[in-house]
Amino acid sequence: MPKNLNAGRLIIVVIVALASPAFGQSFEKPSYIQWNLAGIRAEGDPDIRRAKAEYLVEGIYEGRANDISDDDVNALASLLPDRDVQIYMASILGKIGPRARRAVPALVTAIAGWHSQVGTPRTGIWSPSIMCDALGQIDFSQRPADCAEW
């Protein structure tokens with residue numbers, strides 16, 4: 001193939017790339033948390049959702065806790081009502097510590113939800129205990145009195 005033809009193709013590729021609306025724009029890549037939470041939300045099988053949530057916890061405990069933004073905290077807190085993954089979300093929020101204060105109301109509500117479900121089947125006896133521990137790591141003064149029984 002003649003060299004001029006290859007050079008012509010290269011020029012066309014460069015022109016198309018420069019003309020593309022995406023050229024020169026930066027797209028924000030979702031955070032590690034947001035990317036994993038999207039996968040958890042999209043999954044219908046509770047066992048797979050729990051496995052994905054556990055994977056996320058492992059990533060946080062391996063050193064990603066400092067990379068978490070306020071938006072990530074909000075996203076984690078938004079999954080606290082979900083009984084399938086709430087212990088994992090609570091565990092991550094506890095690991096974040098005081099920087100996760102914005103999640104305290106959601107944790108308190110989730111804990112209260114366990115107490116309003118007395119006499120009904122529960123998905124995990126340790127859920128209230130884990131959520132109370134997380135709340136203690138974030139802001140011990142916000143732990144409800146109910147936490148003493150867990």
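In the predicted model, helices H5 and H7 are roughly parallel to each other, because an angle under 35 degrees counts as roughly parallel and these two helices pack at about 20 degrees. Their axes are 8 Å apart, and the crossing of H5 and H7 is left-handed. H5 spans residues 86-96, and H7 covers residues 127-139. On the H5 side, the contact is formed by Gln 86, Ile 87, Ala 90, Ser 91, Leu 93, Gly 94 and Lys 95. These residues meet Ser 127, Ile 130, Met 131, Ala 134, Gln 137 and Ile 138 of H7. By class, the contact of H5 with H7 comprises seven nonpolar, five polar and one charged residues.

H5 also packs against helix H4, which consists of residues 70-78. The axes of H4 and H5 come within 9 Å and cross at roughly 150 degrees. Angles over 145 degrees count as roughly antiparallel, and H4 and H5 are therefore roughly antiparallel to each other. The crossing of H4 and H5 is left-handed. In this contact, Val 73, Leu 76 and Ala 77 of H4 meet Met 89, Ile 92, Leu 93 and Ile 96 of H5. By class, the residues in the contact of H4 with H5 are seven nonpolar, no polar and no charged. Leu 93 is listed among the H5 residues that meet H4, and Leu 93 is also listed among those that meet H7.

Nine of the 11 residues of H5 are buried, so H5 is largely enclosed by the rest of the structure. The buried set consists of Gln 86, Tyr 88, Met 89, Ala 90, Ser 91, Ile 92, Leu 93, Gly 94 and Ile 96. Lys 95, which lies in H5, is partly exposed, with a relative accessible area of 38%. The C-alpha atoms of Lys 95 and Tyr 61 are separated by 7.5 Å, and the two residues are 34 positions apart along the chain. Gly 97 follows H5 and has a positive phi, near 80 degrees.

Burial in helix H2 (residues 32-42) involves Ile 33, Asn 36, Leu 37 and Ile 40.

The segment after H7 contains Asp 146. Asp 146 is partly exposed, with a relative accessible area of 33%. A separation of 8.2 Å is found between the C-alpha atoms of Asp 146 and Ile 111, which are 35 residues apart along the chain.

Overall, the protein chain has seven helices and zero strands, and its pattern along the sequence is α-α-α-α-α-α-α. The chain contains 150 residues, of which 35% count as buried. Among contacts in the protein chain with a separation of 6 or more, 66% are between residues 24 or more positions apart.

How values were computed. Residues are numbered from 1 along each chain as its sequence is written. This is a predicted model: local features need pLDDT of at least 70, side-chain atom pairs count only at pLDDT 80 or more; totals for chains, interfaces and linings use all residues. Side-chain values use heavy atoms; hydrogens and water are left out. Axes are lines fitted to C-alpha atoms, for helices over the stretch in contact, and angles run from 0 to 180 degrees between N-to-C directions. Helices (H or I, at least four residues) and strands (E, at least two) are DSSP runs, numbered from the N terminus. Angles under 35 degrees count as roughly parallel, over 145 as roughly antiparallel, 65 to 115 as roughly perpendicular and the rest as oblique. A crossing is left-handed if the near helix is turned anticlockwise from the far one by less than a right angle, and right-handed if clockwise. Contact means heavy atoms within 4.5 Å. Ala, Val, Leu, Ile, Met, Phe, Trp, Tyr, Cys and Pro count as nonpolar, Asp, Glu, Lys and Arg as charged, and the others, Gly among them, as polar. Buried means under 20% relative accessible area, exposed over 50%, partly exposed in between (1.4 Å probe, protein chains only).
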